[in-house]
Amino acid sequence: MNTLKQTAVTKTANSVLTMVSHASDRDIERFLGLLERLAPQPKDKQLVRSARQLWAEDQPSARLIKRALRDVSPRCRERFVASLLLNNAWGPLAARRQAFVDKTGFQPPLTILISPTMRCNLRCEGCYAGDYSQRDDLPYEVLDRVLDEAEALGIFFVTVLGGEPFVRGDLWDLYEKHRDIYFMVYTNGTLLDQAAVDRLAALGNVAPMLSIEGLEAETDARRGKGAYRMLMEAMDGLHAAGVFFGFSSMVSRHNVDTIVGDEFNDRLIEKGALVGWHFLYMPVGRDPDLDLMPTPAQGDPLRRQGAARLRATKPVFVIDFWNDAPYAGGCIAAGRYDIHINSQGGVEPCIFTHFAVDNVKDKSLADCLCSPYFLAIRRRQPYSDNLLRPCMLIDHPEVFREIYAEYHPLPTHPGAVSLVDGMGPGLDM
């Protein structure tokens with residue numbers, strides 16, 4: 001019965017979106033006015049009234065919705081609504097999350113991050129994953145089981161990283177089998193040929209996030225000559241096919257101005273990107289270099305001119321994992337909002353904390369979430385009253401050193417321990 005109800009709600013929601021996508025702005029404004037009058041509670045009326053005002057004033061958030069309605073294909077729109085929105089809000093499915101809360105005392109994470117492989121066809125400067133072994137792929141059957149366990153916990157949003165995920169052809173079968181999950185896949189974009197784009201359009205539940213470091217000069221300097229051109233071609237193909245996609249940028253001290261600038265973001269909007277992610281460079285992985293980190297002097301301009309300004313002025317939704325930390329109450333690692341499972345099965349607090357105690361090859365996902373190592377991290381969150389300094393690795397390195405000394409997590413690749421000892425003086429400055 002719950003499945004039938006959810007199917008009915010999904011079909012109704014997509015029928016409304018299809019109707020809205022073909023309606024005029026004035027008709028949609030009238031429709032929102034009708035919803036406001038029919039809303040049962042004052043808070044509901046206020047919510048719809050605010051939406052109607054945004055639409056009437058053609059605010060950037062309203063223009064983003066218009067772009068999504070116009071550019072995303074019906075199939076991709078349907079899976080976005082069903083897999084990402086309704087599965088995370090639907091009552092019977094939300095009950096799975098509540099059952100976990102009742103048992104453990106904390107919520108399961110919003111998403112799990114999985115790196116099925118660390119193999120990659122590029123060798124980018126400062127890659128956070130560059131020192132993992134490229135000989136290990138997480139077996140398909142383990143990935144399949146972990147996704148089954150995630151769904152049982154009420155987790156229907158999975159982030160796929162690497163390495164380059166599209167080097168593994170068997171992941172297509174995984175996306176197809178777990179169609180109730182919405183997959184966000186971080187990719188360098190070089191393998192998104194027409195055949196791959198067609199498969200993404202047919203699936204609908206996979207949203208690629210293309211890694212780009214700025215305009216052509218910055219991107220090719222980090223990723224190799226021709227990388228920017230290939231990214232532009234991949235975006236054109238995704239846009240033409242109606243695939244929901246976005247971008248991801250590593251922010252270093254050398255590209256801050258470009259990443260937050262109008263030329264770069266207007267170019268990506270023109271290409272069809274609907275969302276974006278800013279990750280500050282972390283001194284982990286391949287040849288960690290403190291001199292690549294944004295300087296303290298760059299921090300406040302990044303906060304004022306970055307993601308918040310872009311959301312307020314442009315039809316794109318950009319998230320900055322540092323400067324948006326106050327919205328999440330600080331650090332999101334160790335199961336509070338996410339965890340990372342690497343290609344060897346090691347369960348890490350986040351993609352930048354390359355230390356693990358448990359392995360999904362030996363333990364269930366639920367047991368890994370309840371690890372004393374993760375509990376110790378969550379007990380300390382947030383690490384200070386200043387939520388603009390959310391990270392236990394670079395903002396409060398003494399916190400992770402304390403946890404490391406107590407729980408002795410294993411480094412998940414050679415050189416990871418340098419974050420605890422070798423770079424300590426530089427991080428403490």
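Residues are numbered from 1 along each chain as its sequence is written, and side-chain values use heavy atoms, with hydrogens and water left out. As the model is predicted, local features need pLDDT of at least 70 and side-chain atom pairs count only at pLDDT 80 or more, whereas totals for chains, interfaces and linings use all residues.

The strands and helices named here are DSSP runs numbered from the N terminus (strands, E, at least two residues; helices, H or I, at least four residues). Nine strands form an open sheet with mixed pairing, in the order β7-β6-β5-β4-β3-β2-β1-β8-β9, where two strands pair if DSSP finds at least two bridges between them. The edges of this sheet are β7 (317-320) and β9 (347-348), each of which pairs on one side only. Within the sheet, β2 (residues 157-160) runs parallel to β3 (residues 182-187), and the two are joined by four bridges; V158 has F183 of β3 as its bridge partner.

Helix α9 (residues 194-203) packs against helix α11 (residues 227-241) at an angle of about 35 degrees, with the axes 10 Å apart; axes are lines fitted to C-alpha atoms, for helices over the stretch in contact, and angles run from 0 to 180 degrees between N-to-C directions. The crossing of α9 and α11 is right-handed, that is, the near helix is turned clockwise from the far one by less than a right angle. V197, L200 and A201 of α9 meet G237, L238 and A241 of α11 in this contact, which requires heavy atoms within 4.5 Å. The contact comprises five nonpolar residues, one polar residue and no charged residues, where Ala, Val, Leu, Ile, Met, Phe, Trp, Tyr, Cys and Pro count as nonpolar, Asp, Glu, Lys and Arg as charged, and the others, Gly among them, as polar.

Three cavities of 30 Å³ or more are present in the structure. On a 1 Å grid over the protein atoms alone, a cavity is a set of points where a 1.4 Å probe fits but cannot get out, a pocket is an open set with protein on both sides within 12 Å along at least five of seven lines, and lining residues have an atom within 4 Å of a point. Grid points are joined across faces, edges and corners, and a volume is the space filled by probe spheres set on the points.

The largest cavity has a volume of about 550 Å³ and a lining of 33 residues, with C127, Y128, S211, R222 and R223 nearest its centre. At least two lining residues come from each of β3, α10 (216-223), β5 (246-251) and β6 (275-280), and β5 provides the largest share, three residues. By class, this lining has 17 nonpolar, ten polar and six charged residues.

The second largest cavity holds about 50 Å³.

Two or more lining residues come from each of α14 (296-305) and α20 (424-428), and α14 gives the largest share, four residues. Eleven nonpolar, five polar and six charged residues make up the lining of this pocket.
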